Amino acid sequence: MTRGERHGLRPSRSNARHDARGFGLVVVLILIAVTSFGLSMAAQSWANDARRDREQQLLRIGQLYVQAIERYRRSSPGTDKRLPQTLEELVLDTRFVGTVRHLRRLYPDPVGASGEWGLVRDDAGRIKGVFSLSEAAPLIAGEVRRPGLVLQPAQRYSDWQFTVDTEK
């Protein structure tokens, strides 16, 4: 007979189980914390990838608008090479008998909240370019060079202006 049994105390197995349950709970909480941290890191990486994609779309679509405006200007009948008054004229150019499209459709601003573009106009009020209305900072820190497009380093997306060189 053990000393505890002499005094009416019996060893309890439930205390041993209770201690093991407490340890198991700590392990589960640590696993949840580690998993949550891993998921938050993955979510941030996905968000950065999505932002980088939208920035690349902005550059591609901006370049498409520059090319469309330039094509519109060059295809003007006669010697008076005009720029469009509205972006819709790039989708359907009514200066000709047949249907002439310089863009398939009007593309929304991929980084702006509203999808609307800001318009760069010449002295006559005609559109010579577009720019994003987003005030977010671009991921690309330096100068952007693409065929027919050079953008200076910018503090915000709205600083990048996709314009036609009308001096050509």
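Student: How many aromatic pairs does the count come to?
Tutor: The model is a predicted one, and in it the count comes to two aromatic pairs. One of them joins Y157 and W160.

Student: What is the geometry of the Y157 and W160 pair?
Tutor: The pair is edge-to-face, with 5.7 Å centre to centre and 65° between the planes.

Student: Is Y157 buried or exposed? And what about W160, buried or exposed?
Tutor: Y157 counts as buried because its relative accessibility is 2%, and the cut-off for buried is under 20%. W160 is buried as well, with a relative accessible area of 1%.

Student: Which residues is W160 in contact with, leaving aside its neighbours within four places in sequence?
Tutor: Among them are E55, L58 and L59, together with V130, F131 and S132. The list also includes P138, I140, V144, L151, Q152 and A154.

Student: Which residues have the most contacts inside the largest nonpolar core?
Tutor: That core has 26 residues, and those with the most contacts inside it are L58, Y65, L90, L103, L151, W160 and F162. Helix 2 (13-74), helix 3 (88-91), strand 2 and strand 4 (149-151) each supply at least two residues of the core. The largest share, eight residues, comes from helix 2.

Student: Why would nonpolar residues gather like that?
Tutor: In soluble globular proteins, nonpolar side chains tend to be buried together.

Student: Turning to strand 2, why is it described as largely enclosed?
Tutor: Strand 2 covers residues 127-132, and five of its six residues are buried, so the rest of the structure largely encloses it.

Student: Which strands does strand 2 pair with?
Tutor: Strand 1 (residues 117-121) runs antiparallel to strand 2 and is joined to it by five bridges. Strand 2 also pairs with strand 5 (residues 161-163), in the antiparallel sense, over three bridges.

Student: What lies between strand 1 and strand 2?
Tutor: Five residues lie between them, and the two strands form a hairpin. In the turn, G125 has a positive phi of about 85°.

Student: A last topic: what is the overall pattern of the chain?
Tutor: The chain has three helices and five strands, and along the sequence they follow the pattern α-α-α-β-β-β-β-β. Of its 168 residues, 29% count as buried.

How values were computed
Residues numbered from 1 in each chain as written. Predicted model: local features only at pLDDT ≥ 70, side-chain atom pairs only at ≥ 80, totals over all residues. Heavy atoms only, no water. Buried < 20%, exposed > 50% of the residue type's maximum accessible area, 1.4 Å probe, protein only. Helix = DSSP H or I, 4+ residues; strand = E, 2+ residues; numbered from the N terminus. Pairing = 2+ DSSP bridges. Core = buried A, V, L, I, M, F, W, Y, C linked by side-chain atoms within 4.5 Å. Contact = heavy atoms within 4.5 Å. Phe/Tyr/Trp six-rings, centres within 6.5 Å; stacked < 30°, edge-to-face > 60°.
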